[in-house]
Amino acid sequence: MSSNSAFHASDLVGRHIPRDMENLKENAFSSRLHIHQIHYDAASRSMLDPGFIPLDNSGDARPDWYEFWAIRKYLLTHELRDDHWYGFLSPKFALKTGLTARNVQDLLEVGDQQGANVGLALCHFNQIALFWNCFEQGNQVHPGLTEITEQWLQECGFDPDIRTIVNHTNNFTYCNYVFAKKAYWMDWLKLAEALFSVAEGRNCALKDKINALTRYTGSERSTPMKVFIQERIPAIVLSRSKFKIITTEHPGNHHSLSGKTLAHNYSHAFLAALNRLKLWYDVKRDVQYSNEFFQLRKLFLEASKDQ
């Protein structure tokens, strides 16, 4: 660089700076955010956070896939950039997490500074904390989910061992509330395409199981099993690849099993302890922590019966 073009801090003295440097930095970071919020109709459109990018799914011919359809379509029709963040949220994101677009941007900005490539917005904290992993949880509310997932993975040439995955608030969230860079989404898409190929492919027993109806928690309606399998794809991706994850948590996530706050204040302490034991096991792989998790969970469930 020539001396004529060299920049020095002293050059700024006495000169008018048209824009604040912090704003320039923030705008530069914002240009790398592609966080979408999906809507289906006028009612869901009215729920969107203006800080997210609306993703119109009102012409969705396949509501049986829920948000999966919009996510898959976007990934198949857009070229992702390595250092940009992408996310696809449901209209109920704020209701389920208590978070805003500003909160998400702050999370990802910190993640960028720390070298993270995946961010998680936690929801259903109790379900993450209480079960060893999301497949154990899913199998309780959607009987057969674990076995069907194992069969699907084996059929498509993936490792079917999902029972040993341990989920905690540092490596999983529900509802596809994941923000990530290209590497994660390409791994997600491989599994998504494998699930889609079986669900939409030739007639067979596995296809029937994946498309079979199961109950939707908190609703009287029935939903295809494939919707709850795809919701757990992040658990598979994040357990098998070396991603650096940053996560956020909102106090409003802490609910009892029934969705109503437990009468005693110790409920959250129990759940936090369960979550922490799994995290320690995941890091140290010491069976002491897994044994303590199951013992503590038994005590918690017994105490919950009395509430």
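Tutor: Let's go from the whole chain down to single residues. One thing to keep in mind is that this is a predicted model.

Student: Okay, the big picture. How many helices and strands are in the protein chain?

Tutor: The chain has 14 helices and eight strands. It holds 307 residues, and 47% of them are buried.

Student: What share of the contacts joins residues 24 or more positions apart?

Tutor: Take the contacts with a separation of 6 or more: 75% of them are between residues 24 or more positions apart.

Student: Now helices. How far apart are the end C-alpha atoms of α14, and what span should I expect?

Tutor: The idea is to count 1.5 Å a residue. Helix α14 runs over residues 287-305, which is 19 residues, so it should span 27 Å; its end C-alpha atoms are 27 Å apart, and the two values agree.

Student: Which residues of α14 are buried?

Tutor: They are Tyr289, Ser290, Phe293, Leu296, Arg297, Phe300, Ala303 and Ser304. Around the axis they cover an arc of only 145 degrees, so they sit on the same side of α14. On the face turned away from that buried side you'll find the exposed residues Val287, Gln295, Lys298 and Lys305.

Student: And what caps the N-terminal end of α14?

Tutor: That's Asp286: one of its side-chain oxygens lies 2.9 Å from the backbone nitrogen of Gln288. Look at Arg285 too, in the loop between α13 (266-284) and α14. Arg285 isn't a glycine, yet its phi is positive, about 55 degrees. With a relative accessible area of 46%, Arg285 is partly exposed.

Student: Where is His124, and what is its phi?

Tutor: His124 is in the loop between β4 (118-121) and α6 (125-130). Its phi is positive, about 55 degrees, although His124 is not a glycine. His124 counts as partly exposed because its relative accessible area is 31%.

Student: Let me try α7. Which of its residues are buried?

Tutor: Helix α7 covers residues 134-141, and Cys134, Phe135, Gln137, Gly138 and Val141 are buried there. Viewed down the axis of α7, these fall within an arc of 155 degrees, so they line one face of the helix. They pack against α6, α8, β6 (213-215) and α12 (233-240). The N-terminal cap of α7 is Asn133, with a side-chain oxygen 2.9 Å from the backbone nitrogen of Phe135.

Student: Next, a single residue. Is Thr173 buried or exposed?

Tutor: Thr173 is buried, because its relative accessible area is 0%. Its place is the loop between α8 (145-155) and β5 (178-180). Then ask what its side chain can reach. A polar atom of the Thr173 side chain lies 2.8 Å from the backbone oxygen of Ala121. The backbone nitrogen of Cys123 is 3.2 Å from a polar atom of that side chain. Leaving out residues up to four places away in sequence, Thr173 touches Leu120, Ala121, Leu122, Cys123, Ile128 and Val178.

Student: And Asp82: buried or exposed?

Tutor: Exposed, because its relative accessible area is 59%. Asp82 sits in the loop between α3 (67-77) and β3 (85-89). Now compare distance along the chain with distance in space: Asp82 and Lys182 are 100 residues apart in sequence, but their C-alpha atoms are 5.1 Å apart. Setting aside neighbours within four places, Asp82 is in contact with Lys181 and Lys182.

Student: What does Arg45 touch?

Tutor: Not counting residues up to four places away, Arg45 touches His39 and Pro54. Arg45 is in helix α2, residues 42-45, and it is partly exposed, at 43% relative accessibility. Its C-alpha atom is 9.4 Å from that of Leu55, ten residues along the chain.

Student: Last one: rings. How many aromatic pairs are there?

Tutor: A search of the whole structure finds 19. Ring pairs link Trp65, Phe68, Trp69, Tyr74, Phe88, Tyr184, Trp185, Trp188, Phe196 and Phe243 into a cluster. Check for a charge over a ring as well: Arg72 lies over the face of Phe196, 3.7 Å from the ring centre.

Conventions:
Residues are numbered from 1 along each chain as its sequence is written. This is a predicted model: local features need pLDDT of at least 70, side-chain atom pairs count only at pLDDT 80 or more; totals for chains, interfaces and linings use all residues. Side-chain values use heavy atoms; hydrogens and water are left out. Rings of Phe, Tyr and Trp (its six-membered ring) pair if their centres lie within 6.5 Å; planes under 30 degrees apart count as stacked, over 60 as edge-to-face and the rest as tilted. A charge sits over a ring if NZ of Lys or CZ of Arg is within 6 Å of the ring centre and within 35 degrees of the ring normal. Helices (H or I, at least four residues) and strands (E, at least two) are DSSP runs, numbered from the N terminus. Buried means under 20% relative accessible area, exposed over 50%, partly exposed in between (1.4 Å probe, protein chains only). A polar contact is a pair of N or O atoms within 3.5 Å; within protein, one must be able to donate a hydrogen and the other to accept it, and residues adjacent in sequence count only if both atoms are side-chain atoms. Contact means heavy atoms within 4.5 Å. The expected span of a helix is 1.5 Å times one less than its number of residues. The arc is that of the directions from the helix axis to the C-beta atoms.
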